[in-house]
Amino acid sequence: MGWLLPESKPENAKDPSLLLPLEPLFFRGDIVDTNTTLSEPVLRLSFALFFESLLIEDSLVSGTDMASELIMMCQHDGRFAAIRMNRGHDFSTVIHKICARWSDLDPDSVILNYSLNDTEHIILDNDDDLTTMFQNAEHAGIDDIMITVRDGAKFFMAEDVQVTPTAKSNTGKGKQTMIVDDDDVIPSFCSHKKVKLLSSDWSDGITTVGQRFEGGASDFKNVLRKFAIERGFEYTLSKNDKVRVTAHCKYRTVKKCMWHVHARIMPGNEYFHILAMDLAHTCGFAVRTLTNPHATAELVADLVGDDVRGKHQTRPVDVVKGIKRDYGLNISYHQAWWGIEKVRGLVFGDYVKSFSCLKWYVGAAKSTNPGSHIDLESDEETKRFKRLFVAFGACVQGFNNCRPLIFLDATHLKGRYRGTIMAATGKNGNQERREEASKWGCQICPEMDKRMRASFNESRTWVVSAAGDGVYEVHSFPNITVDIIRRICSCQKWQLTGFPCAHAVIVLSSSGKDMSEYVDPYYFSQTFRASYSNSIHPIPTVWMPDRSVDEDFLLPPLCKKPPGRPKNKRIPSRGENVTFIRCGRCGKMGKHNRQTCKDAM
């Protein structure tokens, strides 16, 4: 129900007939719709007009003493209703009138709250609460009060409780102003997906006296570090060694905070045990920050250890983003870099110490792989590494069954001490492996047999003329000369590959020769299997000593950073096809563009 009020009161304003009841409509300047959820400014103006009309109607029509009555503005599920209550009414009457306005409410499950004098969510649950509400309203000098009505069955059983806007009355003598409190509605308009951080269990790391840590002091300090980060406080270590560790709150001296934890190793089992602790903070440590001094490189190494083991080229920038996403912590690029380096040192060994292990590696590789040629060169005066040559026995024996070609390739190392690694590679008749070769039943490798059949199909239309002494002429446009005795073709392919070219195939087929007799033995299946008959055996590091002796001590090479800025362009290899572009500034063809052009204009 709505009311239309005149803009100015005439002389007969006390006539109740001037209050014209209207059907519920949307707000249009002077019409209030009681079934529509309105914004705060609209509600403030609407209820001011609405209360004024009710007060005029109540005082003139009924003539009741307003001191003994109170208008309850009830709000439920975004809808509002005004209910007049007397001091003589009991709480059951209030519930009855409210349920009469909203038929979907159950009298046994109605929950009522009201706000008064900036105090919100006051419970209204019995007759005593109702009497107290009347007394507070009379003391405050108000004639109306806002009541929030909730259905208890739906409110407590819902998985996500939807809280409707609550309104409170900012009261004053002789004037009422309605203000809508939208704080409870904000989550419904700006909802975020709740994410459980991987650090949520850290807060339970330190529990009781007698707690045991099997990893010793390092294990205890790691758990303590995570515990402090998740609880949001800082501590200092007054005792820190392999036998005992004592931690106190950072504000022990300034704010007399008595938080402390003391643990030490037990002589019977070599485990760390908590002997005394007080986890109660009196320094007001509840204010937390996203950065914590205990988020050290050791913690980063513990968190990203599995990632670095699976992905050796883990970047620090990825670690910074991952720890922020999974643990809610801000760490610096420097901390992430050192954390990755610590993990790499545990997984792959320390850079400096690894050079001292080379002498052990040479002896272990020769013993596990007989016939290997391994030579280590170092400076006898400075004890610094120079170069290392490795040729495993299996590779040496396999090379005897490969074509007499050696391919050399080198690449620059990007580690801490730089350097270059060079590899010498031979080429067998087919690039497949030993398991596949064991299944071959043909005399020639399958790939080369396929090539021979393709050459035969290509040369079937050519005419062959015999010149004598094993020399033939192939009319293939242009004409080609083939000498099957010397295994020479004027196209040069037979001499380079050792495998008959298309011209030689048609000549051998026309003369009735056995083609397999004119194929180099490197292309036979038996030769290929022989090149992979030996294996390179692994070297177990369980034999490697923890510390190198004095005669095995070896320092890394001196690495001096070259002057100038590092080059960001790769040097192309010989014969590599380089793509050139036209510069939009100078108009020349090259490898630069408008932004990198250095020509003077």
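Helix axes here are lines fitted to C-alpha atoms, over the stretch in contact, and angles between them run from 0 to 180 degrees between N-to-C directions. With that in hand, let's take a walk through this model, which is a predicted one.

**Helix H7 and its partners**

Start with H7, which covers residues 297–310, and H9, which covers residues 333–348. Their axes sit 8 Å apart, and the two helices pack at an angle of about 60°. The crossing of H7 past H9 is right-handed.

Who touches whom? On the H7 side you'll find Ala297, Glu298, Val300, Ala301, Val304, Gly305, Val308 and Arg309. Facing them from H9 are Gln335, Ala336, Trp338, Gly339, Ile340, Lys342, Val343, Arg344 and Val347. Sorted by class, this contact holds 10 nonpolar, three polar and four charged residues.

H7 also meets helix H8, residues 316–327, and here the axes come within 11 Å and cross at roughly 90°. That makes H7 roughly perpendicular to H8. Val300, Leu303 and Val304 are the H7 residues involved, and they meet Val319, Ile323 and Tyr327 of H8. The tally for this contact is six nonpolar, no polar and no charged residues. Val300 and Val304 turn up in the contact with H9 and in the contact with H8.

From H14 come Met452, Ser455, Phe456 and Glu458, while H16 brings Ala502, Val505 and Ser509. In terms of class, that gives four nonpolar, two polar and one charged residues.

| Helix pair | Angle | Axes |
|---|---|---|
| H7 and H8 | roughly 90° | within 11 Å |

What is the volume of the second largest pocket? It comes to about 1000 Å³. The second largest pocket is lined by 19 residues, and those closest to its centre are His412, Lys414, Arg418, Pro566 and Lys567. By class, its lining has six nonpolar, five polar and eight charged residues.

Most residues other than glycine have a negative phi, and most peptide bonds are trans. Two spots in this model go the other way. Phe477 and Pro478 are joined by a cis peptide bond, with omega about 5°. Pro478 sits in the loop between strand S20 (471–475) and strand S21 (479–483). Then there's Lys256, whose phi is positive, near 55°. Look for Lys256 in the loop between strand S12 (244–249) and strand S13 (260–265).

Terms used. Residues numbered from 1 in each chain as written. Predicted model: local features only at pLDDT ≥ 70, side-chain atom pairs only at ≥ 80, totals over all residues. Heavy atoms only, no water. Helix = DSSP H or I, 4+ residues; strand = E, 2+ residues; numbered from the N terminus. Left-handed = near helix turned anticlockwise from the far one by under 90°. Contact = heavy atoms within 4.5 Å. Nonpolar A, V, L, I, M, F, W, Y, C, P; charged D, E, K, R; others polar. 1 Å grid on protein atoms, 1.4 Å probe; cavity = no way out; pocket = protein on both sides within 12 Å on 5 of 7 lines; lining within 4 Å. Points joined across faces, edges and corners; volume = space filled by probe spheres on them. Parallel < 35°, antiparallel > 145°, perpendicular 65-115°, else oblique.
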